[in-house]
Amino acid sequence: GRWDKSLIYRKDGTTTSVTAMNLHSEMYEHIDGLQYVQEEKGKLRVLVIKNDNFTIEDEIYMIEHHANAMRDKDSVTIEYVDRLIYQPNGKFMPLISIVNL
């Protein structure tokens, strides 16, 4: 069956949305790209393309922000990348989820 591709699954089975993960607007001046990847319930990879404005304070904020949304600090991994993942047809998806429900 189909499931909502904008939902992120926490370890306890509850969900949050990609929209709920939105960062403070000034944070977007410090990054050039952001994407979420979820391969299993309760684990979230945050892909980030940082730019020259990015600081250690930004990293701390991102970890705390996403851990709070996931309700578990150990459930979030921040990965710094040079580019984000695009679908074979060239489409960008803010969340790539291959969670088996």
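**Entry 1: Gln38**

I began at the side chain of Gln38, where a polar atom lies 3.4 Å from the backbone oxygen of Glu40. A polar atom of that side chain also lies 3.3 Å from the backbone oxygen of Lys43. I used the polar-contact rule here: a pair of N or O atoms within 3.5 Å; within protein, one must be able to donate a hydrogen and the other to accept it, and residues adjacent in sequence count only if both atoms are side-chain atoms.

I noted the ground rules next. This is a predicted model, with pLDDT of at least 70 needed for local features and 80 or more for side-chain atom pairs, while totals for chains, interfaces and linings use all residues. Residues are numbered from 1 along each chain as its sequence is written, and side-chain values use heavy atoms, leaving out hydrogens and water.

I placed Gln38 in strand β3. Strands (E, at least two residues) and helices (H or I, at least four) are DSSP runs, numbered from the N terminus. Is Gln38 buried or exposed? Gln38 counts as buried because its relative accessibility is 0%. The cut-offs are under 20% relative accessible area for buried, over 50% for exposed and partly exposed in between, with a 1.4 Å probe and protein chains only. I listed what Gln38 touches, not counting residues up to four places away in sequence; among them are Leu7, Tyr9, Leu44, Met70 and Ile96. Contact means heavy atoms within 4.5 Å.

**Entry 2: the sheet**

I traced an open sheet of 4 strands, with order β5-β4-β3-β6 and mixed pairing. Neighbouring strands are turned by 20 degrees against each other on average, direction ignored. Two strands pair if DSSP finds at least two bridges between them.

I checked the β3 and β4 pairing: it is antiparallel, over 7 bridges. Gln35 has Leu47 in β4 as its bridge partner. The two strands form a hairpin with 2 residues between them, and Gly42 in the turn has a positive phi of about 85 degrees.

I then looked at the other side of β4 (residues 43-50). β4 pairs with β5 in the parallel sense over 5 bridges. Leu44 stands opposite Val76 in β5. Leu47 has Glu79 in β5 as its bridge partner. From β4 the chain crosses through α1 to β5, and this β-α-β crossover is right-handed. The term applies if, with the strands pointing away from the viewer, the path from the first strand over the helix to the second runs clockwise.

**Entry 3: helix α1**

I found α1 (residues 56-70) lying across β3 (31-40), β4 and β5, at about 145 degrees to β5. Axes are lines fitted to C-alpha atoms, for helices over the stretch in contact, and angles run from 0 to 180 degrees between N-to-C directions. Buried residues of α1 include Asp58, Met62 and Ala69. Their cover includes β1 (7-9), β2 (15-17), β3, β4 and β5. Just after α1, Arg71 takes a positive phi of about 65 degrees.

I looked up His65 in α1. His65 is buried because its relative accessible area is 18%. A polar atom of its side chain lies 2.8 Å from the backbone oxygen of Met21.

**Entry 4: Thr19**

I ended in the loop between β2 and β3, where Thr19 sits. Thr19 counts as exposed because its relative accessibility is 57%. Thr19 and Glu29 are 10 residues apart in sequence and 18 Å apart in space, C-alpha to C-alpha.
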